Amino acid sequence: MTAAAPARAADPEAGRQKSEPCKACHGADGNATIPGTPSIAGQPTYFTHWQLIKFRDGRRKDAQMTPFAANLTDTDMADLAAYYAAQRPLPRPAVTDPPKVAAGRQLAEQHHCVSCHRPGLVGFEQIPRLAGQDLAFLVKILRGFKAQTAGDLDGTMTTAVQPLNEADIESLAHYMASLPPAPPAAR
């Protein structure tokens, strides 16, 4: 019998070095400033790693990300995910509509968003942080799940958004964008 080699721990410093191509869209530290582009700073490690796998394997498609991820190794993805998870997420500037924020809060409670995304919608393991994300990105991704053009790992989000109408999507996005991107202890 041969013993398996110990698993290599992800290296955030190597991830920082590998992140050079990511900076143009996602920002130097994962805090994007381009409308419609998600910030990846502070995203859970497993979530970022899974997204990179899906881009590399063609299960998630994007004109910029798909070609970039196509050449990533498993080690590259682990290092990048570890680097971005260690970065402090900053709030994205957003002009939110208070009535939509209030309606979105009610929808998030009604649809139990915190059961997966955690209180404050800060994410956990393979579940993304939604709090403080870009408003345009949130609307786009929710519409994608509704239209079944955005895929998630197990279909949970595709199923969860089906009862939502366009006004609900807008309200949820306004609510999520209004939340602080990190719990007070992490800021």
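**View 1. Helices α3 and α5 are oblique to each other.** By definition, angles under 35 degrees count as roughly parallel, over 145 as roughly antiparallel, 65 to 115 as roughly perpendicular, and the rest as oblique. This is a predicted model, in which local features need pLDDT of at least 70, side-chain atom pairs count only at pLDDT 80 or more, and totals for chains, interfaces and linings use all residues. Residues are numbered from 1 along each chain as its sequence is written, and side-chain values use heavy atoms, with hydrogens and water left out. Helix α3 covers residues 45-57 and helix α5 covers residues 74-85. Helices here are DSSP runs (H or I, at least four residues), numbered from the N terminus. The two axes come within 8 Å and cross at roughly 140°. Axes are lines fitted to C-alpha atoms over the stretch in contact, with angles from 0 to 180 degrees between N-to-C directions. From α3, Thr45, Thr48, His49, Leu52, Ile53 and Arg56 take part. They meet Asp74, Met77, Ala78, Leu80, Ala81, Ala82 and Ala85 of α5. Contact means heavy atoms within 4.5 Å.

**View 2. Helix α3 reaches 18 Å from its first C-alpha to its last.** That is close to the 18 Å expected for its 13 residues at 1.5 Å a residue. The expected span is 1.5 Å times one less than the number of residues. Phe47, Thr48, His49, Gln51, Leu52, Ile53, Lys54 and Phe55 are buried in α3. Buried means under 20% relative accessible area, exposed over 50%, and partly exposed in between (1.4 Å probe, protein chains only). Among the elements covering these buried residues are α4 (65-69) and α5. Glycine 58 follows α3 and has a positive phi, near 85°.

**View 3. Helix α10 is largely enclosed by the rest of the structure, because ten of its 13 residues are buried.** The buried set is Asp168, Ile169, Glu170, Ser171, Leu172, Ala173, His174, Tyr175, Met176 and Ala177. Their cover includes α6 (98-110) and α8 (135-147). Helix α10 runs over residues 166-178. Its end C-alpha atoms are 19 Å apart, which agrees with the 18 Å that 13 residues should span at 1.5 Å a residue.

**View 4. Helices α6 and α10 are roughly perpendicular to each other.** They pack at an angle of about 95°. Their axes are 7 Å apart. On the α6 side are Lys100, Val101, Ala103, Gly104, Arg105, Leu107 and Ala108. These residues meet Asp168, Glu170, Ser171, Leu172, His174, Tyr175 and Ser178 in α10.

**View 5. Two loop residues, serine 19 and isoleucine 34.** Serine 19 sits between α1 (12-18) and α2 (23-26). It is buried, at 0% relative accessible area. Beyond its neighbours within four places in sequence, serine 19 contacts Leu80, Tyr83 and Tyr84. Isoleucine 34 belongs to the loop between α2 and α3. At 34% relative accessibility, isoleucine 34 is partly exposed. It touches Ala24, Cys25 and Arg92, leaving out residues up to four places away in sequence. Leucine 90 is 56 residues from isoleucine 34 in sequence and 14 Å from it in space, C-alpha to C-alpha.

**View 6. Histidine 112 and leucine 121 have positive phi.** Most residues other than glycine have a negative phi. Histidine 112 has a phi near 60°. It lies in the loop between α6 and α7 (114-117). Histidine 112 is exposed, with a relative accessible area of 53%. Leucine 121 has a phi near 55°. Its loop joins α7 and α8. Leucine 121 is buried, at 2% relative accessibility.
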